[in-house]
Amino acid sequence: MSDNLARTEPVPFAPFIGEGISISLAAPMTRYSLRARQAQALETLLGVKVPKKIGATEEGIACLGPDEWLLRAPAGYNMVNGAGLPVSLVDISERAICLVVEGPRSAEILRAGCPLDLDKFAVGRATRTIFETVEIILLRLGENRFHVEVWRSFAPWLWASLTTAAHH
């Protein structure tokens, strides 16, 4: 019976293309919520440096709090086992989707519902914030390119809000 199940996404696969803006669904990815009191424990586990400053990103890992990181990797990424280390690793891959907002109007469109001063939000930064009343994780990957992580259940509403802002 499960052979008949097909993955459905809460937003269209076809990107929204407007004047100076493109909003699209990112490719599926693996996501892990990482928690540790000491960043060194995660570095030992992962074999890479993790960002220690809140808001910094490095190697696909974003520091979201004093003991919280988000790891985003290509779909199929296999996390090493953290047994014996003082860390928490939770696979949250199916909880959220990522919308890619890019183009010269990207910051303008995001300002329609996000309270951050995006002129001061540097490339390479990541933060948990809101878009109107919905929690998102915003990552700035380029001057005119943002990734917006949103819980799957809120994605249709966020898609509608962003595309409506793009029409104006």
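**Close-ups of a predicted model**

View 1. Ser33 sits opposite Leu70, a residue of β6. As in every view here, what you are looking at is a predicted model. The strands in question are β3, covering residues 29-36, and β6, covering residues 68-74. In general, strands in a sheet pair through backbone hydrogen bonds, in either a parallel or an antiparallel way.

**View 2. Here is the 5-stranded sheet around that pair.** Read across this open sheet and the strands come in the order β4-β5-β6-β3-β7, with antiparallel pairing. At the edges you'll find β4 (57-58) and β7 (87-91), each of which pairs on one side only. Now look for helix α1, residues 39-46. Helix α1 lies across β3, β5 (61-65), β6 and β7, and its direction makes about 60° with β7.

**View 3. A second open sheet has 6 strands.** This time the order is β1-β2-β8-β11-β10-β9, again with antiparallel pairing. The edge places go to β1 (16-18) and β9; each has a single partner strand, so one side of each has no neighbour in the sheet. Going from one strand to the next, the twist averages 25°. Helix α3 packs on this sheet and touches β1, β2 (21-25), β8, β9, β10 and β11. Compare the direction of α3 with that of β2 and you get an angle of about 165°.

**View 4. Zoom in on β8 and β11.** Strand β8 takes up residues 96-102 and is joined to β11 by 7 bridges, with the two running antiparallel. For a landmark, pick Val101: Phe146 of β11 stands opposite this residue.

**View 5. Two rings meet edge-to-face.** Search the whole structure for aromatic pairs and you find 1. Its members are Phe131 and Trp157, with ring centres 6.4 Å apart and planes at 70°; planes over 60 degrees apart count as edge-to-face, so that is the name this pair gets. Phe131 belongs to strand β9 (residues 126-131) and Trp157 to helix α3 (residues 155-167). The two are 26 residues apart, so to speak bridging distant parts of the chain.

**View 6. Ala112 sits in a loop.** The loop in question runs between α2 (106-111) and β9. Leaving out residues up to four places away in sequence, Ala112 touches Phe131, Glu132 and Ala165. Thr57 is another story: Ala112 and Thr57 are 55 residues apart along the chain, and their C-alpha atoms are separated by 25 Å.

**View 7. Finally, a look inside the cavity.** How many cavities of 30 Å³ or more are there? The count comes to 1. The largest cavity holds about 100 Å³ of space. Its lining includes Arg31, Leu70, Ile92 and Arg95, along with Glu135, Ile136, Glu149 and Trp151. Two or more lining residues come from each of β10 (134-142) and β11 (145-151). Sorted by class, the lining has 7 nonpolar and 5 charged residues, with no polar ones.

Technical notes: Residues numbered from 1 in each chain as written. Predicted model: local features only at pLDDT ≥ 70, side-chain atom pairs only at ≥ 80, totals over all residues. Heavy atoms only, no water. Pairing = 2+ DSSP bridges. Helix = DSSP H or I, 4+ residues; strand = E, 2+ residues; numbered from the N terminus. Contact = heavy atoms within 4.5 Å. Axes fitted to C-alpha atoms, helices over the stretch in contact; angles between N-to-C directions. 1 Å grid on protein atoms, 1.4 Å probe; cavity = no way out; pocket = protein on both sides within 12 Å on 5 of 7 lines; lining within 4 Å. Points joined across faces, edges and corners; volume = space filled by probe spheres on them. Nonpolar A, V, L, I, M, F, W, Y, C, P; charged D, E, K, R; others polar. Phe/Tyr/Trp six-rings, centres within 6.5 Å; stacked < 30°, edge-to-face > 60°.
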